[in-house]
Amino acid sequence: MSKVLMKGNEAVGAAAIEAGCKFFFGYPITPSSEIPEYMSKALPEAGGVFLQAESEIAAINMVYGAAGAGARAMTASSSPGISLKQEGITYAAGAELPCVIVNMMRGGPGLGSIQPSQSDYFQSTRGGGNGDYRTLCYAPASVQEIVDYVMLAFDKADYYRNPVLICADGMIGQMMEAVEFKEPAHIDLPPKDWTTIGTAEKRKPNIINSLYLEAEVLQDHNRDIDKKYKLMEENEVLYEAYGLEDADVVLVSFGTTSRIVKTAMKQAEKKGIKTGIIRPITIWPFPYDVFKNIGNKAKGVLTVEMNLGQMIDDVKIGVSGKLPVYFNGTQGGVVPTPASILEDIEKIAGGTK
Amino acid sequence: MEEKVIMAGFGGQGVMAIGKLLAYAGMIEGKHVTWMPSYGPEMRGGTANCSVVVSDEEVGSPLISKDGTAAIVMNLPSLAKFEKELVPGGKLLVNKSLINEEPTRTDLDVHYVSANELASELGNNKVANMVMLGAYLELTKIVDVESVLHAFVKVFGENKSKLVPINKKALEKGAEAVRKMQAV
Amino acid sequence: MTIVYEKSRGLTDTPLHYCPGCTHGVIHKLVAESMVELGILGDAIGVAPVGCSVLAYNYFNCDMQEAAHGRAPAVATGIKRTLPDKFVFTYQGDGDLASIGTAEVVHAAHRGEKISTIFVNNAIYGMTGGQMAPTTLIGQKTTTSPLGRTVEHSGRPIKISEMIATIDGAKFVERVSVDTPANIRKAKKAIKKAFKCQLEGKGFALVEVLSACPTNWGFTPVKALDWLRDNMIPYYPLGNFRDFEEGK
């Protein structure tokens, strides 16, 4: 298929439909409203159902019901809306329901701003809802990656019977880039023999549930689903990394911010400073192991994020105390400039930071 | 080669549209492109702007912040707002029909185009945006005019293909306008 | 030996956990029998609430989903939109439907969602130990209204049937009670009609069932039924509020 120019938010919808998503339940919020807008037109044309819910909470619970009935279902929103969906996400994780949730992050806390942000890193990678659970979480850095990872997310959700998050931001949602829809690699998926589609009085009822009143039984369930999380940590880590072996300064950044970091890296190169980058594509599970590839020349690691440094803890785990970790961040919807990142790179390389 | 251009004006002047055309034309020519609109409350206030990057390499930030190589400003508020986002020597294309002031900066490569008058000469005031785009393409040669016309049908749909000739003329008018000015 | 009565096959063999004298068991039976008699048990997907009937998913002999507190109508919407030819019902208590989940039920009704809702109103939060519900009567003492509910402090008890009946998408709304054999028969008739409302594609249906909670009301089972009759029915009048068959 040839390339087309698409807005990130529209690409979410197109990729979901391409991946066989037939049900979208959502609620409008800036800067992700183009997703429900796109779906309201495109999904019925693809033989699916779009429904504008009365609230974000209702939307995620509709996803829960549809997923329990065996459908590929999704919802999408931006930060405050995703907060409201946390209830449904933890229930889906507990009941082991596959679904895809897209977050076009905007500034917070509270109502915050509508400009791009990455300040839902904690919420996305540490849970967000109650209880012991994890969600596979992709952080695309381009509209093409939105397409690729939204499509992959549906397969991974079905494979693990777990919610999968796409964490992008308002910038990727709003911008247009060239995209190509490639046939995704085939993944063998387990049969959906657990769905509630009616027994036809020919089998025992299937029950979708996250309630286990006996502590020991819940503990067994917790340990069972933890096996999936361990498998994800083993098999699902995705990252982009280069230049680590002989870098003076290593940068760590995900999503939109990594693009700006790369511009700053090119500028540093011109000034004779060697840099490398680790770009987590899955922010959970986090690519801790790749930090081992940082060479001896490195003077420090610079984390660049559009938040107050929520990824620093993970970077420090990866660095394991071997190098100082510095932070360059913007908040509230302010996007970092290559100049400010370059300034920090120079300071670290020159030993003044 | 990397062009970072801001297109700005009133809502309805078609600045988002010419941005999309430029990005799409760049894509057709195999270049890396991004198109980034202003969004949110800004969008409700009646002004519109977008940033387009066309590059031989992967595009870093799609935003333009003091590093614009060009700006197309269709109205006065846009001139004040965006002249400061350009690099020294950056190209500033001013719609002279609606802007009777000069930029405050003196280190820019300024070109005045009476886009609305030229569009009216073609009998369609709506193509003032295309006049500006034509002027910009003449100055930068960033993409071929043919690619833009090809993109036109892709962006606006086959049913708008009857509008290609008038838009082509508008692009030519804009190109002619800056050629004349350069000759003087 | 002739069998004169047996447990409906619409219920599983799991022993019910309800307190002595609680009428949830009766309502379960009516729902189960109605599904069997309409021949829809194999097509049914039920949605259980949070509250005393949280374990309903273990009792109904059909596919079941357990929803978050109050969200059953949203979950049921997701199921019904996915499987429009199946039969989808929610079973919800008064805390679940009339308090935390009012938005979900109102909008499901508003959309004319083709689902059937059994709303069990016993004027108290049972599962959590007898706290005030939105349906708790004026003067009724609960663990969070120890001196009795007052209008000044908490407003009047919410009348869900009357409220839902104002919504165009709700095509069948009836309030019934299970305090006497005669009322139980009427309740079953209403439940079956609510199910038919869905099967005929008419729209949203809700049956509000006045139910006894002897444990948290602090009465014997028999006294509890008397209290229901003497106190709840006068405030929550029984009867039909909307009926798709009568154009009401």
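Visitor: Which residue stands opposite Met176(A) in strand 2 of chain B?

Guide: In this predicted model, the residue that stands opposite Met176(A) is Trp35(B), which belongs to strand 2 of chain B.

Visitor: What makes strand 8 of chain A and strand 2 of chain B a pair?

Guide: Two strands count as a pair if at least two bridges are found between them, and strand 8 of chain A has 2 bridges to strand 2 (residues 32-37) of chain B, in the antiparallel sense. The number of bridges therefore meets the cut-off, and the two strands are called paired.

Visitor: Which parts of chain A touch chain B, and how many residues does the contact take from each chain?

Guide: The contact takes 18 residues from chain A and 16 residues from chain B. On the side of chain A, helix 7 (170-174), strand 8 (176-179) and helix 9 (256-270) each supply at least two residues, and helix 9 of chain A has the largest share, with 4 residues. By class, this side of chain A has 10 nonpolar, 4 polar and 4 charged residues.

Visitor: How do you know that strand 9 of chain A is joined to strand 2 of chain C, and in which sense do they run?

Guide: Here too the cut-off is at least two bridges, and 2 bridges join strand 9 of chain A to strand 2 (residues 63-66) of chain C, with the strands running parallel. Within this pairing, the bridge partner of Ile208(A) is Gln65(C).

Visitor: Why is helix 6 of chain A called largely enclosed?

Guide: A residue is called buried if 20 or more other C-beta atoms lie within 10 Å of its own, and 18 of the 18 residues of helix 6 of chain A are buried, so this helix is largely enclosed by the rest of the structure.

Visitor: What makes helix 8 of chain A hardly covered?

Guide: The count of buried residues among the 21 residues of helix 8 of chain A is 2. As for its span, helix 8 (residues 215-235) reaches 30 Å from its first C-alpha to its last, which is close to the 30 Å expected at 1.5 Å a residue.

Visitor: Is Arg161(A) buried or exposed?

Guide: Arg161(A) has 20 C-beta neighbours inside 10 Å, and therefore it counts as buried, since the cut-off for a buried residue is 20 or more. Arg161(A) lies in the loop between helix 6 and strand 7 of chain A, and its phi is near 50°, a positive value in a residue other than glycine.

Visitor: Why is Ala200(A) called exposed?

Guide: A residue is exposed if 12 or fewer other C-beta atoms lie within 10 Å of its own; Ala200(A) has 10 within that distance, so it is exposed. Ala200(A) is found in the loop between strand 8 and strand 9 of chain A, and has a positive phi of about 55° although it is not a glycine. Most residues other than glycine have a negative phi.

Visitor: How do you know that the largest nonpolar core lies between domain 1 and domain 2 of chain A?

Guide: The largest nonpolar core has 250 residues, and those with the most contacts inside it are Val100(A), Val150(A) and Met132(B). Helix 6 of chain A supplies the largest share of this core, 12 residues. Both domain 1 (4-235) and domain 2 (240-349) of chain A give residues to this core, so it lies between them.

Visitor: How many residues of domain 1 of chain A are in contact with domain 2 of chain A?

Guide: The contact involves 27 residues of domain 1 and 21 residues of domain 2 of chain A. On the side of domain 1 that touches domain 2, helix 5 of chain A gives the most, with 4 residues.

Methods
Residues numbered from 1 in each chain as written. Chains lettered and ligands numbered in written order. Predicted model: local features only at pLDDT ≥ 70, side-chain atom pairs only at ≥ 80, totals over all residues. Expected span 1.5 Å × (residues − 1). Contact = placed C-beta atoms within 7 Å. Nonpolar A, V, L, I, M, F, W, Y, C, P; charged D, E, K, R; others polar. Core = buried A, V, L, I, M, F, W, Y, C linked by C-beta atoms within 7 Å. Domains from an automatic or database assignment.
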